[in-house]
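Reader: I would like to learn how to read a model such as this one, feature by feature. Could you take me through it?

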Amino acid sequence: MNSNQKKRVFQIEAFKHKVVVDPKYADKTWKILEFAIHEIYNHNASGLSFEELYRNAYNMVLHKFGEKLYSGLVSTMTFHLQEISISIEAAQGGLFLEELDRKWTDHNKALQMIRDILMYMDRTFIPNTHKTPVHELGLNLWRDNIIHSGKIQTRLLTTLLELILRERIGEVINRGLMRNIIKMLMDLGPSVYQEDFEKPFLEVSADFYRAESQKFIDCCDCGDYLKKAERRLNEEIERVSHYLDPKSEIKITNVVEKEMIENHMLRLVHMENSGLVNMLLDDKYEDLGRMYNLFRRVPNGLSTIRDVMTSHLRNTGKLLVTDPERLTDPVEFVQCLLNERDKYDKIINLAFNNDKSFQNALNSSFEFFINLNPRSPEFISLFVDDKLRKGLKGVSEEDVELVLDKVMTLFRYLQEKDVFEKYYKQHLAKRLLSGKTVSDDAERSLIVKLKTECGYQFTSKLEGMFTDMKTSQDTMQEFYAAHGAELGDGATLTVQVLTTGSWPTQPSVSCDLPAEMSALCEKFRSYYLGTHTGRRLTWQTNMGTADLKATFGKGQRHELNVSTYQMCVLVLFNNADRLSYKEIEQTTEIPSSDLKRCLQSLACVKGKNVLRKEPMSKDIGEEDAFFVNDKFTSKFYKVKIGTVVAQKESEPEKQETRQRVEEDRKPQIEAAIVRIMKSRRVLDHNNIITEVTKQLQSRFLANPGEIKKRMESLIERDFLERDTADRRLYRYLA
Amino acid sequence: MKKEDTVKLISAEGFEFVIDKKAAMVSQTIRNMLTSPGSFAETEHGEVTFPEISTVILEKICQYFYWSLQYASGKETEFHIEPELTLELMMAANYLHT
């Protein structure tokens, strides 16, 4: 009724008719309450009147006998708990816990009832005198008289631990009872649970798992061991969820992790025939995933896996890229790299939770070993070349993209991207000029990818090549539209006008074309220069192709698809039956190395030998003589005669490309130095080197020696000067 | 009204008030009497005797129980108390923990 009183101050007094005179009042009232408490403990409460007991307790407190009531309660309860203690001690074997549990339930119920009838004391007397409230008092008395009684304390602990041990070795125990007892310990306060159970429990568990892991590791392989460890871990987690304090989960899992995993980590990873390396080799996704999940729980676990994986990856990768066997077939070489990458990609994806740090390890390993082989850029370009020439025929667009994307990942690992560009340009030029490219879309898509990866500069020339191809087509159409009529039925000419600089042209000596052809070429030249003033045309006869119609001895007719050089040679045989090497060389003026190669493919390749040579041998000698092979047959009407080209570059060619790459790097390094110095004005030597290396990283790894040379050259040309005071400093001269 | 949902409160003079358990439980003391785990006589018979509370006061108390339920459900009205009852009523309130 406190909510709506009239606002007047009242003095509260006790009921007036109860102004006690009877000196025995307190004793008498207490006797009633004491009797009631006995009855409650004896399960005899049904006859008691709550109101009467409450009123008595109320009056005792009101009449300042609270102290008597409280101490009486303590001694009565203690008396009962000691009786209970004796009956629990007397319980035999397995009944011990059950008796304890039953008595605990009884005590709780009695305590509840006592608290209810003594509620008034709980409400007023206890807060005023700072005593322990009834409920807590009951728990404390239980703790001191039962749990901490000498005969019960150790027996309780050993019983609990023994039950858990029995459960660990596979027996079924009464989990409900366990839960009740543990709950009791928790109710008695966190310190009781921790001191009387959790701490010894953790110690015993550590011993158990230490022994068990020792046993397992001696007899199991890594996969089995991990399975066992995982099962143990799950068992403990399940145990906690069934009958322990949830807060214990982290503690007990730590124990299992430490004893079963952390202490044996290295031994597990390096286990012979079944360790991490074997799992990687055999693609054991499940085992690897288990290892990842378990090791993740312990400090340094994942880094251990990662380190082993990285070193394994680097070793196998190193073997792969330096294996001379592999180097014979660039396409196979790159395919191997791709397979290896796919394999580890899948492992990281399936077993390692797509962990970023593992992906980084994978990337850095690839970067490490791909660049161990200086020919990697060339091979990757060759791989693309192969794919775009034939590999992707009949493959759906999505698959093409997939292959290209994979190639791009390898490309990203390259340090010498400019070398790749060089080769790629060469290969692309060959593809475009010979019309061998399978899909224009695929070509363009790759260029777009390269562009996003390395910027406009990287691909501008490549794109220029595509533009040239398109313009040439238009030019040819216009040329034939203008002059088609006067040309008649003779040979037709297709010219591809290539912009100097965009294409990897080799300075080549033009050969002497057959008269008919040169006339045609002249016509085109005058037409082209007529429409485009201020340009110069040179013929790149080393890059062209020709289709010839030939009739052989017995009248077999074939269409021969040959290179321009081969065409020049073959046309000579229209007027002669026998020509010596020297004669051919003189008339055509084809450079001797090219001529040898072209003759080799005309005379020495089985099934395509339209020429015959004397003496019969594999190689072309300066003294050889050549005849038309009248017996030439082929089941096809069209015969393609390839030039014997080494797909891979030969040693001198490699040197040459290398040299050109080095040449091309010089201006780039200089430009980078100038850019940096322009903004910094003054900088010391080491810093310049770092900055330049960083700027050029996306294209190649600059050599410090080379940077130094470039700086010297810039000093000579008055772009930079050394500081007069401090020789290490360089100054930019605007 | 079912018997289990009601409780009988008996005054010092023997007057019986039968009210809803829900209303009676506005008093913390009565609530404990009716819900304590052991089966006390009050729980078994569904009646509580108050030898120290007079009929007038107990009636007022019962009125207050119902008023309090209404007040708690948001109906804010005045609860009138005759001045001469105030003292005894407050002592009963202390006893009933209301």
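Author: Gladly. Chain A holds 30 helices and nine strands; helices (H or I, at least four residues) and strands (E, at least two) are DSSP runs, numbered from the N terminus. This is a predicted model, in which local features need pLDDT of at least 70 and side-chain atom pairs count only at pLDDT 80 or more, while totals for chains, interfaces and linings use all residues. Residues are numbered from 1 along each chain as its sequence is written, chains are lettered from A and ligands numbered from 1 in the order in which they are written, and side-chain values use heavy atoms, with hydrogens and water left out.

Reader: How does the radius of gyration of chain A stand against that of a compact globule?

Author: The radius is taken over C-alpha atoms, and the globule rule is 2.2 Å times the number of residues to the power 0.38. For 734 residues a compact globule would come near 27 Å, but chain A has 48 Å. Its C-alpha trace spans about 155 × 65 × 60 Å along the principal axes.

Reader: And what does chain B give by that rule?

Author: With 98 residues the rule gives a value near 13 Å, and chain B has 13 Å, which agrees. The C-alpha atoms of chain B fill a box of roughly 40 × 30 × 25 Å along the principal axes. Chain B has five helices and three strands, in the order β-β-α-α-α-β-α-α from the N terminus.

Reader: Where in chain B is confidence lowest, and where highest?

Author: The score to read is pLDDT, the predictor's confidence in each residue, from 0 to 100. Chain B has a mean pLDDT of 86, with 96% of its residues at 70 or more. Confidence in chain B is lowest in helix H3 (residues 41–45), at a mean of 81, and highest in strand E2 (residues 16–20), at 91.

Reader: What share of each chain is buried?

Author: Buried means under 20% relative accessible area, exposed over 50%, and partly exposed in between (1.4 Å probe, protein chains only). In chain A, 46% of the 734 residues count as buried; in chain B, 49% of the 98 residues do.

Reader: How should I read a helix such as H28 of chain A?

Author: Start with its length: the expected span is 1.5 Å times one less than the number of residues. Helix H28(A) has 30 residues (651–680) and should span 44 Å; its end C-alpha atoms are 43 Å apart, which agrees. Then look at what it buries: Thr657(A), Val661(A), Arg665(A) and Ile669(A) are among its buried residues. The buried residues of H28(A) pack against partners that include helix H21 (417–433), helix H30 (704–716) and strand E9 (729–732) of chain A. Just after H28(A), Arg681(A) takes a positive phi of about 65 degrees.

Reader: Which residues does Arg710(A) touch?

Author: Arg710(A) lies in helix H30 of chain A and is buried, with a relative accessible area of 12%. Contact means heavy atoms within 4.5 Å. Leaving out residues up to four places away in sequence, Arg710(A) touches Lys666(A), Ile669(A), Glu670(A) and Ile673(A).

Reader: Where does Asn300(A) lie, and is Asn300(A) buried or exposed?

Author: Asn300(A) is in the loop between helix H14 (285–295) and helix H15 (301–322) of chain A, and at 56% relative accessibility it counts as exposed. Asn300(A) has a positive phi of about 65 degrees although it is not a glycine.

Reader: How are aromatic pairs described?

Author: A pair of aromatic rings is described by the distance of the centres and the angle of the planes. Rings of Phe, Tyr and Trp (its six-membered ring) pair if their centres lie within 6.5 Å; planes under 30 degrees apart count as stacked, over 60 as edge-to-face and the rest as tilted. A search of the whole structure finds 29 aromatic pairs over all chains. Phe366(A) and Tyr413(A) form a stacked pair, 5.4 Å centre to centre with 25 degrees between the planes. Phe366(A) lies in helix H18 (residues 356–370) of chain A and Tyr413(A) in helix H20 (residues 397–413) of chain A, so the pair ties together parts that are 47 residues apart in sequence. Phe366(A) and Tyr413(A) are buried.
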